[in-house]
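The points are grouped by topic for quick reference.

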Amino acid sequence: MNKHFILALDTGSAPMSPADLETALRAIGTERYHDLHPFHDLLHGGHLDKGQVQAWALNRYCYQAAIPRKDASLIGRCEDRELRREWLHRVTDHDGNCEDPGGIERWLILTDGLGLDRDYVVSQQGALSTTRFAVEAYVRFVREKSLLEAVASSLTELFAPSIHRRRIAGMLKNYSFIDETVVAYFRRRLDQAPRDAQFALDYVKRHAVTVEQQRAVLAALTFKTEVLWAQLDALHYAYVTPGNIPPGAFRPD
Ligand SMILES: O=C(O)c1cc(C(=O)O)c2c(n1)C(=O)C(=O)c1cc(C(=O)O)[nH]c1-2
């Protein structure tokens, strides 16, 4: 977390204004969001082979599959009807409904396009243990922490549209095996994520009013950046340095 803001909250003085809280939250993204991870430079810059892109996509499926579970958990313990109403579409955005097949289906179209077997992807059997541990830590965090911290932990989405735009452009340009069908998931998120992130940011700015609450939301967002970073560390270790794929994990042909 940005040292300046920790110090501001350590003094025991007045809580930050909502505007300063937003600045502090955004500073966490600037310092820690996973757009800074070297694995993303390789992925977006066209420096991975098809097997490494497959490894990324099948590991990332675990995250996709967990998102509606953590959102349903949040709804399940929320007393506030307005918040439940607003949060509900996050579940259908991923699970789909009669009008839209949903984000998980779009992710599976992406893994189909990369030549991966659907049942194998959905089984998560080839995923790295670190991926599963990190993703599950996020689900548990949302289930167990305060509602305010749970909402704050989604705020990495403030920073997602720019990485999605970079990914769409970079992957289409740099990989012969990527086409519009495969990047459809990210195109859709360009509309969905800003709306969700803005709601969550407004909620956090309205409800994190004490020093303790502000400290908790900053820590929640920091935790979430670690969930994302750990997944890329694991991918980088296993699939970029030769000889490191752990037993049982996906092995590219
Ligand atoms: O590709 C990415 O870098 C990225 C990052 C994040 C994020 O920052 O948590 C999400 C997504 N994508 C995404 O597609 C998505 O649906 C999503 C939901 C959430 C969340 O915490 O509720 N984060 C993200």
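The model is predicted. The protein chain contains twelve helices and zero strands. Its radius of gyration is 19 Å, close to the 18 Å that the globule rule gives for 253 residues, so the chain is as compact as a globular protein of that length.

**Overall fold**

- Along the sequence, the pattern of the protein chain reads α-α-α-α-α-α-α-α-α-α-α-α.
- Taken along the principal axes, the box filled by the C-alpha atoms of the protein chain is roughly 60 × 40 × 35 Å.
- Buried residues make up 37% of the 253 residues in the protein chain.
- Among contacts in the protein chain with a separation of 6 or more, 78% join residues 24 or more positions apart.

**Packing of α4 and α6**

- Helix α4 (residues 50–76) packs with helix α6 (residues 103–113) at an angle of about 175°, and their axes are 10 Å apart.
- Because angles over 145 degrees count as roughly antiparallel, α4 is roughly antiparallel to α6.
- On the α4 side, A57, L58, Y61, Q64 and A65 take part, and they meet G103, I104, W107, L110 and T111 of α6.
- The contact of α4 with α6 comprises seven nonpolar, three polar and no charged residues.

**Ligand surroundings**

- The residues around the ligand are I67, G103, S154, T156, E157, A160, I163, H164, R189 and L228.
- Four nonpolar, four polar and two charged residues form this shell.
- Helix α10 (residues 160–174) contributes the most to the shell, with three residues.

Key: Residues are numbered from 1 along each chain as its sequence is written. This is a predicted model: local features need pLDDT of at least 70, side-chain atom pairs count only at pLDDT 80 or more; totals for chains, interfaces and linings use all residues. A residue is near a molecule or strand if its C-beta atom, placed from the backbone, lies within 6 Å of it. Helices (H or I, at least four residues) and strands (E, at least two) are DSSP runs, numbered from the N terminus. Ala, Val, Leu, Ile, Met, Phe, Trp, Tyr, Cys and Pro count as nonpolar, Asp, Glu, Lys and Arg as charged, and the others, Gly among them, as polar. The radius of gyration is taken over C-alpha atoms; the globule rule is 2.2 Å times the number of residues to the power 0.38. A residue is buried if 20 or more other C-beta atoms lie within 10 Å of its own, exposed if 12 or fewer, and partly exposed in between; C-beta atoms are placed from the backbone. Two residues are in contact if their C-beta atoms, placed from the backbone, lie within 7 Å. Axes are lines fitted to C-alpha atoms, for helices over the stretch in contact, and angles run from 0 to 180 degrees between N-to-C directions. Angles under 35 degrees count as roughly parallel, over 145 as roughly antiparallel, 65 to 115 as roughly perpendicular and the rest as oblique.
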